[in-house]
Amino acid sequence: MVKICQKVNPCKNAGKKDVATGRCKCVGAWTGTTCNALARDCWTYLVNHAIEDGNKLLLIQPAISTSPFYVSCYLHSSGSGIGSAFFAVHDRGSIGFDRTWQEYVDGFGQDLTTVTFPSSYFMGLERLHQITSNAKSYNLILSLEFSDGSKSTLNYRNFKVGDATVNYKLSYTSFTQAAGRTSNPTNNEFEIESSKSPKNMAFSTPDRDNDQSPTNCATSAKSGWWFNDCTTTPLFSSTPRWGGRDLKRILLAVA
Ligand SMILES: [Ca+2]
């Protein structure tokens, strides 16, 4: 009797075993030792796959999420923010951020399944909360492009967004300005006056006032934000400014 040896591929979801390393090489958004789990964030995807340069649309599933969702990941092999997920993209002049509370909770903007790098987009507060609830210390990255063409990147450590019971409160611990990507000195506008800081603030929208002011800052700014008082830089307004200078484009990412 002839015995036929059939090698069983231990790698799931079309993953292939790498002969040299003995490890599974996963495809798509699958990760883990047998490619049976979805990446919890862009970073987890990056460390389990070969480095790919560019922005890539990926299906991820944070630990507390009941279903996966698409995010636009920054996967460049060098520079700051490697393995980060864009959660907001806003261009000057756009009124796309004048939205209701529910729209901010669910997310809005261009359909990520057709556009990998959107020009007007918000991931949604619930998903942002889910990602920052993973067992990892995240950074909030602000990439600012000024109207004069100069760019700045600001980095806030231990970034976290709370859940619905605390109105998606934003928190971080410290600020650093990323080196090498700054052509002009940039003020840390959030911290010039404590009343401007979004730190430990709940999210507010024109139809949901959770700010510290007697008025509703989101109504006058015509946008949602983690408003403190109404002098807070309204980064999502149609005329965003930073340190007294006009902004052309704002990218916010969780890294
Ligand atoms: Ca108020």
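Student: How many bridges do strand 5 and strand 6 have between them, and in which sense do they pair?

Tutor: Six bridges, and the sense is antiparallel. This is a predicted model, by the way. In this pairing, Asn 55 stands opposite Tyr 74 in strand 6.

Student: And what makes strand 6 and strand 7 count as paired?

Tutor: The cut-off is at least two bridges found by DSSP. Two bridges join strand 6 to strand 7, and these strands run antiparallel. So two bridges meet the cut-off of at least two, and the strands count as a pair.

Student: Which residue stands opposite Cys 73 in strand 7?

Tutor: That's Ala 85.

Student: What makes Ala 85 count as buried?

Tutor: Let's set the value against the cut-off. Ala 85 has 25 other C-beta atoms within 10 Å, and a residue needs 20 or more to be called buried. So Ala 85 is buried. Leaving aside neighbours within four places in sequence, Ala 85 is in contact with several residues, including Cys 42, Cys 73, Ala 253 and Val 254.

Student: How far apart are the C-alpha atoms of Ala 85 and Asn 55?

Tutor: They are separated by 9.3 Å, and the two residues are 30 residues apart along the chain.

Student: Which residues have the most contacts inside the largest nonpolar core?

Tutor: They are Cys 42, Leu 58, Cys 73, Ala 85, Phe 87, Ala 253 and Val 254, in a core of 61 residues. The element that gives the most to this core is strand 10 (residues 138-146), with six residues. As a general point, nonpolar side chains in soluble globular proteins tend to be buried together.

Student: What does Phe 87 touch, not counting residues up to four places away in sequence?

Tutor: Its partners are Met 123, Leu 128, Leu 252, Ala 253 and Val 254.

Student: Why is strand 10 described as largely enclosed by the rest of the structure?

Tutor: Count its buried residues: seven of the nine qualify, so strand 10 is largely enclosed. Strand 10 also pairs with two strands. With strand 11 (residues 151-161) the pairing is antiparallel over eight bridges, and Leu 140 stands opposite Tyr 156 there. With strand 15 (residues 245-254) the pairing is antiparallel too, over seven bridges, and Leu 144 stands opposite Ile 250.

Student: How many residues lie between the strands in the hairpin of strand 10 and strand 11?

Tutor: Four residues, and in this hairpin Gly 149 takes a positive phi near 95°.

Student: What makes helix 3 largely enclosed?

Tutor: Helix 3 (residues 125-132) has eight residues and seven of them are buried, so the rest of the structure largely encloses helix 3. Among the buried ones are Leu 128, His 129 and Ile 131. The buried residues of helix 3 pack against strand 6, strand 7, helix 2 (101-106), strand 10, strand 11 and strand 15.

Student: Is Ala 14 buried or exposed, and how do you know?

Tutor: Ala 14 has 11 C-beta neighbours inside 10 Å, and 12 or fewer means exposed. So Ala 14 is exposed. Ala 14 lies in the segment before strand 1 (16-17), with a positive phi near 70° in a residue other than glycine.

Student: Why is Asn 158 called partly exposed?

Tutor: Asn 158 has 13 C-beta neighbours inside 10 Å. Exposed would need 12 or fewer and buried 20 or more, so partly exposed is the class in between. Asn 158 lies in strand 11, and its phi is positive as well, near 55°.

Student: What puts Asp 98 in its class?

Tutor: Asp 98 has 18 C-beta neighbours inside 10 Å. Asp 98 is in contact with Pro 206, Lys 222 and Ser 223, leaving aside neighbours within four places in sequence.

Student: What is the mean pLDDT of the protein?

Tutor: The mean is 85, and 84% of the residues reach 70 or more. Over residues 179-185, though, the pLDDT is below 50. Where pLDDT is low, the predicted coordinates should not be read in detail.

Terms used
Residues numbered from 1 in each chain as written. Predicted model: local features only at pLDDT ≥ 70, side-chain atom pairs only at ≥ 80, totals over all residues. Core = buried A, V, L, I, M, F, W, Y, C linked by C-beta atoms within 7 Å. Contact = placed C-beta atoms within 7 Å. pLDDT = per-residue confidence, 0-100.
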